[in-house]
Each structure stands twice: as C-alpha cells, then as structure tokens.
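Dear colleague,

I am passing on the structure below, and my notes on it follow. Please read them with the structure open beside you.

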Amino acid sequence: MMLPEMPAFARSIDPMAALYDGIDVKVKKQLADVALNAARAKGASYADVRIGRYLNQAIITRENRVQNIANTESQGVGIRVIANGCWGFAASNNMTKEDVAKTAERAVAVAKANAKIQAEPVQLAPQKGFGEVSWKTPIEINAFEVPIKDKTDLLLSVNAAAKAGGASFINSTCFAVNEQKYFASTDGSYIDQDIHRIFPSFVVTKIDTASGKFQSRKSLSSPVGMGYEYLNARPQDKVAGIVTRYKDRYDMLEDVKSATAEANQKIKAKTVEPGKYDLILDPSHLWLTIHESVGHPTELDRVLGYEANYAGTSFLTLDKWESKKFQFGSKLVNVVADKLQPGSLGAVGYDDEGVKCKKWDLISDGVLVNYQAIRDQAHIIGLKESQGCCYAQSWNDVQFQRMANVSLQPGKTKLSVDDMIKNTEKGIYIIGDGSFSIDQQRYNFQFGGQTFYEIKNSKIIGMLNDVAYQANTREFWNSCVAIADESDYRLGGAFNDGKGQPSQSNAVSHGSATTRFNGVSVINTARKI
Amino acid sequence: MAILTKEEAQTILKKVLGFSKADECEVGLSGREGGNIRYARNGVSTAGDISTLGLAVTSTFGKKSATSTIDQFDDLSLQTVVKRSEELARLAPENPEHMPLQGPQTFPDGIGYVPATAAITPDTRAEAVAKSIQVCKDAKLQAAGFLENTTSFNAFMNSKGLFGYDKDTDVIFSVTTRNAEGTASGYAARGFNDINKLDTLSATKVAATKANGSKGAKAIEPGKYTVILEPVAATYMLENMFRFDARQADEGRSFLSKPGGGTRLGEKLMDEKVTIYSDPYNTELPGNTWNRDGEKLEKTTWIDKGVVKNLSYSRYWAEKKGVKPVPGPSNIIMEGGTASLDDLIKSTERGILVSRLWYIRLVDAQTLLLTGLTRDGTFYIENGKIMYPVKNFRFNESPVIMLNNVEALGKPERSISVESYRSYLIPPMKIRDFTFSSLSDAV
C-alpha cells in the first residue's frame with residue numbers, strides 16, 4: 001500500500017561524509033564469508049548476507065526559507081538463514097568479524113526457535129552463484145555530489161515563482177537515495193551494487209481567506225532511478241497539452257508556474273455533478289491506479305495469503321491463472337513486470353536474494369498470464385527459477401517479495417490525447433495523482449487527482465473540483481477502450497510503497513500512455529463541517 | 001548492548017558535549033533492541049532479531065545549525081562527529097525560525113518500561129504464536145499474524161545543561177483468521193507495554209469467532225447508516241485527526257481554520273460527549289514525559305465536551321502569536337462511558353457493526369474527508385441483535401462530522417492503529433448517519 005508520508009530517514013550525516021566510498025569491497029567479502037561460515041557452522045543449510053550502506057538526503061523548504069537539510073546514513077549487516085527448514089534473520093550495526101559471526105548465530109537461533117512451529121519446510125528455487133559481480137544505476141550526475149547550495153537555490157527559486165504567481169504557501173523538497181549494498185550467499189554469489197534514486201517535488205496551496213476555502217496542486221514530477229540529471233530540463237522531454245507534462249527530464253520551475261495558476265483556478269472551479277463519465281487518464285495519474293489495481297494483486301505472496309494480516313490478499317486467485325482465460329481487462333490491456341527498465345525506480349542488476357533481474361508478462365491481451373514471485377514461492381506456480389523481485393528496504397530488514405516495475409503497454413496504433421478528447425461526449429480528463437484507497441483483495445478502489453477537466457461534446461470546457469472515481473478493478477480494466485501510442489508513454493512512480501510487518505518501503509515505477517475508460521462512476525467529495 | 005542506563009547515557013553525552021566549540025550544542029543518544037515473528041497459512045513465514053545504537057550531534061552558530069551522527073563510540077569517533085556537525089553548521093543557511101536551546105529543568109521519569117517485556121526471547125515469541133496457530137487449526141481456519149516486541153531508550157543533553165532520559169517497552173500483536181474457501185475473515189489486534197497483559201490465545205479466539213460468523217455475507221445497499229465502531233476501527237479513523245496544530249490552522253489550511261482568518265480554538269466543533277486529551281502518566285497508556293524541543297509534557301485537553309480547548313503551538317509559533325507554547329500530544333485518550341460493546345449493540349434499532357477499517361486516506365484536507373473500507377467482520381444489527389454478516393463497504397466520511405453524530409460512547413480500551421501500530425485509549429462508539437458510498441466484494 002502506498003504510504004501517506006515520506007519514509008522516515010535514518011540517522012544524519014554531513015554531506016562530505018556521504019562522499020566517502022564506504023567499506024572496501026575486499027573487506028565486505030571477508031565479512032560476508034565470516035557470516036556465511038558462522039551460519040553454516042551453526043547448522044544453516046542456506047545463508048545470505050547483505051552488508052548495506054544506505055544514504056539519504058532530504059532538503060525541505062517552504063516559501064523563502066530552508067527548513068531542514070538532513071543527510072542520513074545507515075550502515076550494518078543483515079543475515080538470513082535457513083535452519084531446520086525455517087527462515088531466521090538477525091541484523092546489527094556492529095561490523096567487526098566477531099559481531100558479524102554473533103549476528104549469524106542469532107539468525108540461526110531464531111530459525112531453530114521458529115522451526116518448532118513451522119508448517120512446511122522452505123523450498124528455494126535453485127540459483128546459480130555469479131561469483132564476484134557488480135551493477136550500478138547508470139546515472140550522469142550523482143545527486144550527493146551536487147553542492148547543497150545548487151539544490152537550495154533551485155527550491156527557493158521554485159518557491160519564489162509560486163509566491164510571485166499568487167500562491168499562499170509553497171512547500172518544496174528534494175530527496176535523494178543511494179543504496180550501496182553487497183550481497184553474498186552460500187550459492188557462491190558476491191554482488192556489489194550502487195543504486196541511485198531522486199525525487200524533487202512541491203505542493204502549491206492557494207487560500208481564499210474570506211470563504212475559508214483552500215486548494216493545492218502537487219508537482220507533476222516523478223521519483224526516478226536517476227541522478228541529478230533528472231532536473232536538467234530538455235525540450236524533447238516536454239509533453240505539450242492543457243498543461244505541460246514530462247518524460248525523462250523535469251522542469252521544476254516551469255511546472256510550479258503552471259501549478260500556481262491551476263491552484264488559483266481550482267478555488268473557482270465548479271463542483272462535479274456525480275454520475276458516469278468516460279475518463280481520460282494521464283500517465284501522471286494512471287500510474288497509481290496501475291500500482292494498486294494491477295501491481296499489488298499480481299504479487300504471489302498476497303495471492304497465497306502471506307500478507308493477509310496487513311496489506312491483504314488478492315482476487316487473482318491461482319484458479320484464475322490456471323484457467324488461462326481469466327479476462328482481467330479488455331484485449332487492449334497488456335501489462336509487463338520489468339526490473340530492467342532504464343530510469344525506473346525498480347531497475348537493479350540483481351535482486352536482494354542474488355537473482356539476476358528480468359522482464360516478464362503479467363497480463364496479455366487482457367488475460368492474466370503470470371504473477372510476481374521470489375525463490376521460496378517459484379515452485380508453487382511451476383517456475384524453475386525466481387522472477388527476481390525480492391527486496392529489503394535496509395540492511396536491518398528481512399528481504400521479501402516486492403513489486404517489480406509494473407507497466408501498461410502503449411497502444412499499437414497511432415492515437416493522441418487530442419484524438420481521444422475529440423471522440424468523447426461526456427468525460428473528465430484527469431492529470432496528476434491524488435487521494436487513493438483500495439480494498440484488501442483489490443476489488444473496489446477510489447482515486448482522486450490533481451486537476452480535472454470537464455469534456456463535453458468533444459471539447460474541454462473547463463476545470464472541475466471535488467472529483468473522485470470509484471470502480472471494481474476487473475470492470476474498470478474491461479472498460480478500457482483506447483490507449484495512446486508509444487509517443488505518449490511516460491513513467492510515474494511510488495517512492496514509498498509500504499508492505500510487510502514490520503512495514504517496509506519499496507520504490508517502484510509504472511509506465512503508461514494516456515488511456516481512456518468508459519462509463520466510470522464519479523462521486524462528489526465536497527462536504528461541510 | 002543497545003539499551004543504556006541513565007548513568008551510562010549521561011556519561012557519553014557529557015563527554016561528547018566536552019568536545020563542542022559551537023555557540024550551542026545538543027546531543028541525542030538512542031538505542032533499540034527487539035524482535036519479531038510473522039506467520040501465515042498456520043506457519044512461521046519470517047522472523048528477526050535486531051539491535052541498534054546511535055548518536056546525533058546538532059551544533060549551532062547564531063541561527064545556523066546542522067546535525068551529524070555516528071554509531072561508533074571511541075573518543076576519536078565522538079570528536080569527529082562533533083567536528084563534522086560544526087563544519088556543516090557553518091555552511092548551512094540561517095534559519096529565521098531557529099529558537100535558542102532550553103535551559104536545565106527536571107523531567108519526571110516515564111512509566112512505560114516493563115522488565116518482563118524487555119526479557120522476551122525468540123522462544124517467547126514462538127510460544128505466543130504457537131497458541132494463536134493452534135486456535136486457528138482447531139477452528140479450521142488459517143492464521144496470518146505478527147508479534148513484535150521493542151525495548152528502546154532515548155536520552156539527550158544540551159550545552160545549557162538540559163538532560164532527558166526515557167526508556168520504554170512495547171509489544172504488539174495482530175492476527176487475521178480466514179477460512180480455506182476465502183469466504184470468511186476475522187481480526188484482532190492488541191498492544192501493551194507489559195507482555196503479561198498480552199493473551200494471544202484469547203485474542204485469536206475473538207478473531208476466529210468473527211471469521212466463523214462472517215460466512216455468507218449479504219449485500220445491502222450503501223447509504224447512511226448508524227454504525228458501531230469497535231475501538232480498533234474507531235482508532236484508525238480518528239488517528240487522522242489527532243494533529244491539533246495551531247500553525248496550520250492559523251495559516252488557513254486545516255479543518256481547524258476559521259473562515260475569514262484565525263483558528264477555531266474555543267469553538268464547539270463536535271458533540272458534547274466528545275472529550276480528547278493526552279496524559280503521559282496514564283497507567284494504561286504511558287507516554288513520553290518530554291520531547292526533543294526540551295519541553296515537559298503534561299496532561300493537556302484538546303477537545304473538551306466538543307469544544308476545541310487547546311491547539312499545539314511550537315515554541316516559534318507561540319512566540320510569533322504571543323501565546324504560551326503547547327507541546328503536541330505524546331499519547332491520545334478519548335473519554336467514554338461505561339457501556340460495553342454488547343450494550344451498544346443492544347441499544348441499536350438498525351445499524352452496522354464495524355470490526356475493522358482499512359486503507360484510510362485523506363480525500364479533502366478542508367473537511368478532513370476520509371475514504372476507506374470495512375474489513376474482517378461487518379454485521380447487520382436489528383432490534384439490538386446481530387442479525388447477519390454483510391458485505392464490506394467503502395465509506396467517505398469525515399471524523400469531524402462523525403464526532404458530531406455521536407449517539408453513545410462505550411468504555412475506552414487500549415487499541416492499536418492497524419497501520420501505524422501506535423496505541424491509543426479509545427471507546428467503542430455508536431455514530432449515526434455514517435456514509436457508506438459503495439460495496440466491495442473483498443473478504
């Protein structure tokens with residue numbers, strides 16, 4: 001489930017410390033071998049170790065001031081074992097050889113304590129060892145190497161533009177993440193990875209003091225698996241339309257000017273008449289609907305009941321997949337899971353249990369064809385190997401199945417947003433993500449947005465307020481009647497998708513082109529207190 | 001060992017402050033030890049045992065400040081962390097809202113630490129979960145649950161001589177019970193400082209009874225209904241409201257903002273049966289006795305008989321507005337009555353009993369309109385009796401409107417939020433005209 005707030009960061013460090021390269025890879029290999037040997041010596045039949053150094057930087061501003069600059073670092077070792085057929089895990093920030101060995105022994109002790117109440121022994125899909133390999137997010141500019149002043153200047157200029165445009169308040173932030181993680185296992189892999197993500201964003205608020213009404217408009221940026229180059233705007237990445245939207249680069253200053261104008265318009269926009277509308281959904285909005293209604297229900301651990309106590313199960317039960325004819329959506333609907341897509345949040349070389357990442361189909365021509373599974377689940381759906389989507393948010397959390405990038409494929413024939421609007425009699429064009437909620441089996445959902453444009457007789461006639469749409473997942477995806485072509489394809493994403501107990505955060509992207517759904521129920525969300 | 005005594009913490013903090021050359025310096029030290037066990041399909045899925053200890057140094061020159069941290073405790077590491085924070089503070093932009101550090105004062109000890117909880121081992125957790133799994137096996141249900149215990153301490157000291165130390169323990173447990181066909185589901189959640197109060201067997205029996213009673217749910221029309229929210233449902237709904245922030249209200253962007261400007265402090269905003277306060281010394285729900293701004297936390301009433309009695313003022317905002325600072329709550333207690341859940345059901349002519357709510361998110365900040373769904377046991381009540389299970393609903397409702405429509409409140413009990421896992425003391429409540437906007441097929 002998407003969490004309502006940004007993830008809590010770890011302890012703070014200063015920016016210079018963030019540039020330190022971390023522990024030498026030879027030392028990490030030695031520590032990893034200590035952990036693996038100690039686990040084996042205590043009776044583990046399998047062990048893996050993750051030596052992690054996680055850096056975060058958050059710059060938080062409002063109006064004309066910088067509220068906080070926090071550089072945080074978290075470093076330690078997490079060890080997972082199978083002993084007596086049961087998983088055990090232990091973690092510590094103490095990284096001497098003695099402490100690492102003790103942590104491995106604790107993991108084995110946890111596994112043995114729990115084996116007494118284990119229902120069935122863990123079955124791991126085979127995984128060959130890769131030896132010593134490495135992978136790095138192909139960034140152009142390391143966000144941690146960009147001077148703090150450049151970032152605060154950018155955010156404060158964004159804030160100044162909003163105030164000049166009449167905004168009552170503006171909050172802007174830039175988050176950067178660098179996961180330096182080293183994985184080793186008794187399968188013979190020693191994998192060193194350096195992963196980068198960045199998320200610049202803002203919220204403009206306009207207040208009408210006399211009426212007490214206020215409205216806000218969020219940025220149309222996306223969190224991405226890129227470096228600071230994401231903020232170097234290029235003309236070819238701008239998508240023209242009623243508001244400019246962005247592909248692989250983002251123009252924050254341009255977007256805040258649009259956002260301020262739109263927040264002003266939202267205050268005066270007419271309230272929506274509830275009823276059925278044809279919805280035209282921009283990728284900046286649709287990514288979240290894909291995330292909740294396609295990404296989560298195709299996670300195999302949910303299908304099997306492992307998430308029943310928190311995030312829930314799934315309506316996409318095994319019998320539907322086994323039938324090979326469960327019509328999840330219309331024939332236009334093709335969805336892929338992809339851990340390789342450049343610029344995406346989920347792109348890595350290897351997952352957190354040493355499996356090389358890949359791309360696979362989930363929905364083909366509207367039919368459910370596959371799930372997302374990891375090593376201890378693969379056998380359940382007849383796979384000989386994991387699909388490589390195992391992840392832990394930090395060294396001190398145990399890894400488990402997390403969502404790959406799940407994306408709706410663009411239409412195969414040429415189709416623009418203007419063409420869709422021309423063919424719409426009564427509709428709403430929605431841009432940006434807003435409120436979101438879905439039930440624990442992923443049937444019933446409700447989504448809001450940032451801006452809503454009323455379409456009447458083939459034309460946009462103005463802005464609407466108080467819009468949210470409700471639908472049943474399968475009915476919604478079967479009402480999909482048009483998908484724009486590849487030229488409109490863009491990524492959106494979640495920086496903080498929550499799942500598991502204790503809850504862990506995952507970052508994942510979702511691509512799509514603008515898509516039309518016919519006859520969806522829209523409610524009016526205005527109330528008086 | 002990640003849990004230090006007051007004296008051990010004091011020794012380290014004094015040593016670190018001795019290295020400081022800044023105008024002002026504050027040092028925080030915190031440690032956490034604990035473990036968890038997770039189970040599903042009547043077997044263990046994952047489990048862990050984790051300990052961490054960390055130190056944070058904030059140095060200030062004028063109105064420029066910065067923080068640096070470390071998790072190594074030799075003298076060289078401690079000197080380095082102080083030096084790093086001072087170097088960064090000199091580079092930081094001035095913060096016009098910076099407030100000077102507080103001077104010495106005495107904070108009373110908290111009451112949230114229970115040695116028995118601190119002594120939990122992996123075997124203790126496994127035994128507690130084994131009882132829960134056995135209940136489900138006996139009831140021919142599948143259990144999925146989670147148990148986590150934490151012992152933590154926080155200490156801080158500043159260059160003006162202020163020192164604070166707090167230590168507490170916490171254990172949370174939740175279980176979802178489902179039948180093999182996927183047509184029935186129940187839930188129970190518990191949270192305590194004291195492991196001795198946790199009974200996983202009886203909690204799982206409650207969940208199992210709900211699951212077996214929820215088979216064959218009927219679809220009834222969505223619309224406005226009288227609802228009885230069990231504490232775990234009410235807690236999650238109200239958790240979104242417990243930010244009584246004066247600044248947001250003054251700025252005009254909160255449900256506590258007054259049209260035309262100012263806040264709704266002193267206005268009657270809810271039914272007169274509603275009183276909400278915080279009290280760190282409540283024995284059922286102990287809270288922190290101080291916060292990181294160096295403020296002492298005491299009993300504070302936020303809503304008194306429906307009237308907004310206090311808003312939280314940071315030291316900066318209080319100075320700007322010329323009022324006394326009011327620290328935010330470290331726990332939340334809502335007063336109720338003496339009625340049991342059964343009493344509330346018996347007094348209901350027609351209504352819906354809601355066991356749990358799910359995936360609550362803000363729809364409109366102006367009115368605090370929330371959407372979410374019922375889950376794991378939703379039942380139709382007629383003439384004071386539970387008649388049959390009903391299919392789950394999506395709701396669109398504001399907790400502010402809801403607390404205007406209070407028919408009756410039961411006896412408050414300690415309950416945890418199903419999303420944040422924070423504990424609250426909240427009564428079961430009967431609410432009229434609660435808005436269900438659609439049906440869900442989810443079980």
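Two residues are taken to be in contact if their C-beta atoms, placed from the backbone, lie within 7 Å. This is a predicted model, in which local features need pLDDT of at least 70 and side-chain atom pairs count only at pLDDT 80 or more, while totals for chains, interfaces and linings use all residues. Residues are numbered from 1 along each chain as its sequence is written, and chains are lettered from A and ligands numbered from 1 in the order in which they are written.

The contact between the chains draws 67 residues from chain A and 80 residues from chain B. On the side of chain B that touches chain A, the greatest contribution, 12 residues, comes from strand 2 (residues 43–61) of chain B, where strands (E, at least two residues) are DSSP runs numbered from the N terminus. That side of chain B comprises 31 nonpolar, 32 polar and 17 charged residues, with Ala, Val, Leu, Ile, Met, Phe, Trp, Tyr, Cys and Pro counted as nonpolar, Asp, Glu, Lys and Arg as charged, and the others, Gly among them, as polar.

Strand 2 of chain B also pairs with strand 4 (residues 86–92) of chain A, in the parallel sense and over 3 bridges; pairing requires that DSSP finds at least two bridges between two strands. Within this pairing, A:Ala91 has B:Ile50 as its bridge partner.

Chain B itself is divided into domain 1 (6–211), domain 2 (216–239 + 336–439) and domain 3 (243–331), with bounds from an automatic or database domain assignment. The C-alpha centres of domain 2 and domain 3 of chain B are 25 Å apart, and their contact takes 12 residues from domain 2 and 9 residues from domain 3.

With best wishes

Methods: Helix = DSSP H or I, 4+ residues; strand = E, 2+ residues; numbered from the N terminus.
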